[in-house]
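Walk through this structure one element at a time. Keep the sequence beside the coordinates as you read.

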Amino acid sequence: MEAVLITVAAALAIAIPALATAWAQSRIGPAVAAALAEKPELTTTAVLMIAIPETMVILGFVVAAAILFR
Amino acid sequence: MIIEMSKVRILGPRDRLPDVLRTLQDLSLVHLAAPAAAVGEPLSRVRLAPAQERESRHLRAILGDIDAAVGELRPSGAAPGRVPRAAPADLVRWARLARRVRREAERARLQLAALEEEKALILKYQQFFSAFRSLFEAEARWPNARAYHVLVRGGDAGAIPKLRASLVAAIGQEFEIYTQPLATGEIALLLIVADPAAARVERLLAQAQVQEIPVPAAYGGGALSEAIPKMLARLGDIPGELDRGRRRLRELGQAYGDELLVARAAVYDRLRELDALPLSGVTPHAFVLEGWVPARSRPDLTKRLAAEYGDTIVVSEVSKEEWASQDAPVVLSNPRLFRPFETLTRVFPLPRYGTIDPTPFVAVFFPAFFGLMVGDIGYGVVLVGLGLLLHRLSKPNTLLRNVAEIIGPCALFTIIAGFLFGELFGDAGLRWFGLRPIAFDRHEAMIPFLLLAVALGAVHVLLGLGLGVASLIRRHPRQALGRGVSMIMIVLVILALLATVKVLPRSFFTPAAIGLLVAFPVLIVLEGVVAPIELLSTLGNILSYARIMALGVASVMLAVVANKMVGAIGSVAVGVVFALLFHLVNFAIALFSPTVHALRLHYVEFFGKFYSPGGVRYQPFGRWLPARPRA
């Protein structure tokens, strides 16, 4: 039972931030696409903007790994 | 790094100002600035005389013509270096030449565009016209009849019998239908109707929303039978006309291209000379010029002016107390190995003078982070190949060359990390060659890898805070002190944490905690109440480096999965192909994701601690060159 709970906890630790990241990127993506249509020189900044919410899922992954390998 | 600048003041007799400006333009050393207002009452800024204003407007108009003509002709000759100064007669001649060549080139280019468009139109319909051509004999047999040319969609097999039935019902037998299938699957349909029945047929076609093929107006706009031969004949003429047009452009380029390039450089030079005049200050008898030069070039400037003008011109250095560092222009000068990384730092505006250029730090940490994330000998070797290929395909001082030169250190760190983690295309090295990790196996030891990533983060962020202190200490000592206290508190937090998890002896905990309690109020006094929030944000920044571990583990997992495909699929050959494809995908991800995240760690976590953008680019007053060499 404990193993199941640990696995579920690890899954939630990565799934919830992944959903949050997806939501954030879904908002950033169209805004970035619109900005790039007018100013292509912003490409690097745009890529970074899209990468910023990935912090959540990366930290989620770290927490999941910590739960599984504690 | 940002090189040291000196502010210089050049004084001399007023009548020598134009000559001195020309000498300075030839030297291309001084970034001119308007003289400080506090120099004295008799000093006034030079204003262009009406004749000079007219000349400036005239030169800009000539430049417009030259740029347009050069843009149209795209002369293949090498760009001229420094050109002789233009005499008034040259300017008059170039003005006429540029206007004439621009008109001719634009006319030729427009004709070429029109011909290409016409050719594309005819080619688009060529097959269709050819199909109708075979039906024209039938059209000729009906002298008093109307012909309709229609395209029937492919797959609509019942459409023609239906049309025939409708026509019989409407006008009896006073029509004929001829069809010709096209390679596209469509059907060319010719409908010939006796004149008296034409009105009823047109109504029928309109009701069925069947449209006739339009005949382009340029070919008479009337009957297709007359237009098609003209269009096909035209198709034969167009290539010759295109060749003549291109030859004309080439001839214009060969005849006038080089002269126009020389004219452009000379006109730019004269315009710059005129634009520099209002940056000079004058009294009834003297002039004063002020500007910045790289400190190492100041003796050279003094020597060259002395050699040319003797004692009549005085060059003196303006003391640093008289100018604000944010007004000084910035010129970056990094060692050859670090220079390609300026591409990554130039995403931001230039750093202010007196602050720190992050390029050398990026040149060390970016490849290190990238290498730790990818960490595979095999991928590193492939990356070396990619870098060499890009290097071969690119020209010096281009973005592609810089990327190739950035790939080199990244590949090196990837290979080193590959040896540390014992990875060669994932676990293939272990399976085939018994390759063992020198440090630890990322596949298994995630927690040590996480600690390594966060420790690197701590070093990187503390370095950023240290650079912030160094950059602020002269201009804003209080802020620098606040940044220093933050730095100490971060170190104390880390020591306390390490003591708690028993990496350090427990005895470290109490002094660290006391240190934190003492530093906290000092930080609030220096930085205000937001300081604790910033401190927490800095700790968050350190944790953000955990992404190095996350991406590294994801990379090795994908590589291991790729290797497992060899045994998992029935046929070994198919398994190997799938494994290679999977490695290719992993390599592509390894190129993109670690780059973006390594950049983010620099731009957000590192630069945020010390980078001060807003520097003015050093642009010495000099002769015009199409592509300026690096300073």
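A residue counts as buried if 20 or more other C-beta atoms lie within 10 Å of its own. The model is a predicted one.

Start with helix α10 of chain B, residues 359-374. This helix has 16 residues. From its first C-alpha to its last it reaches 22 Å, close to the 22 Å expected at 1.5 Å a residue. How many of the residues of α10(B) are buried? The count is 12 of 16, and the helix is mostly covered.

Just after α10(B) comes B:Gly375, which takes a positive phi of about 45°.

Now turn to the interface. Here 14 residues of chain B are in contact with 12 residues of chain A. On the chain B side, α14, α18 and α19 each supply at least two residues. The largest share, five residues, comes from α19(B). By type, the chain B side divides into 10 nonpolar, two polar and two charged residues.

Three strands form an open sheet in the order β4-β6-β5, with antiparallel pairing. β4 (145-152) and β5 (175-181) of chain B stand at the edges with a single partner strand each, so one side of each has no neighbour in the sheet. From one strand to the next, the twist averages 15°. Eight bridges join β4(B) to β6(B), residues 187-194. In this pairing, B:Val152 stands opposite B:Ile187 of β6(B). Helix α5 of chain B, residues 159-171, packs on the sheet and touches β4, β5 and β6 of chain B. The direction of α5(B) makes about 170° with that of β5(B).

Finish with confidence in chain A. Its mean pLDDT is 86, and 99% of its residues reach 70 or more. Where in chain A is confidence lowest, and where highest? Helix α2(A), residues 43-51, is lowest at a mean of 78. Helix α1(A), residues 2-38, is highest at 92.

Definitions and conventions
Residues are numbered from 1 along each chain as its sequence is written. Chains are lettered from A and ligands numbered from 1 in the order in which they are written. This is a predicted model: local features need pLDDT of at least 70, side-chain atom pairs count only at pLDDT 80 or more; totals for chains, interfaces and linings use all residues. Helices (H or I, at least four residues) and strands (E, at least two) are DSSP runs, numbered from the N terminus. The expected span of a helix is 1.5 Å times one less than its number of residues. Two residues are in contact if their C-beta atoms, placed from the backbone, lie within 7 Å. Ala, Val, Leu, Ile, Met, Phe, Trp, Tyr, Cys and Pro count as nonpolar, Asp, Glu, Lys and Arg as charged, and the others, Gly among them, as polar. pLDDT is the predictor's confidence in each residue, from 0 to 100. Two strands pair if DSSP finds at least two bridges between them. Axes are lines fitted to C-alpha atoms, for helices over the stretch in contact, and angles run from 0 to 180 degrees between N-to-C directions.
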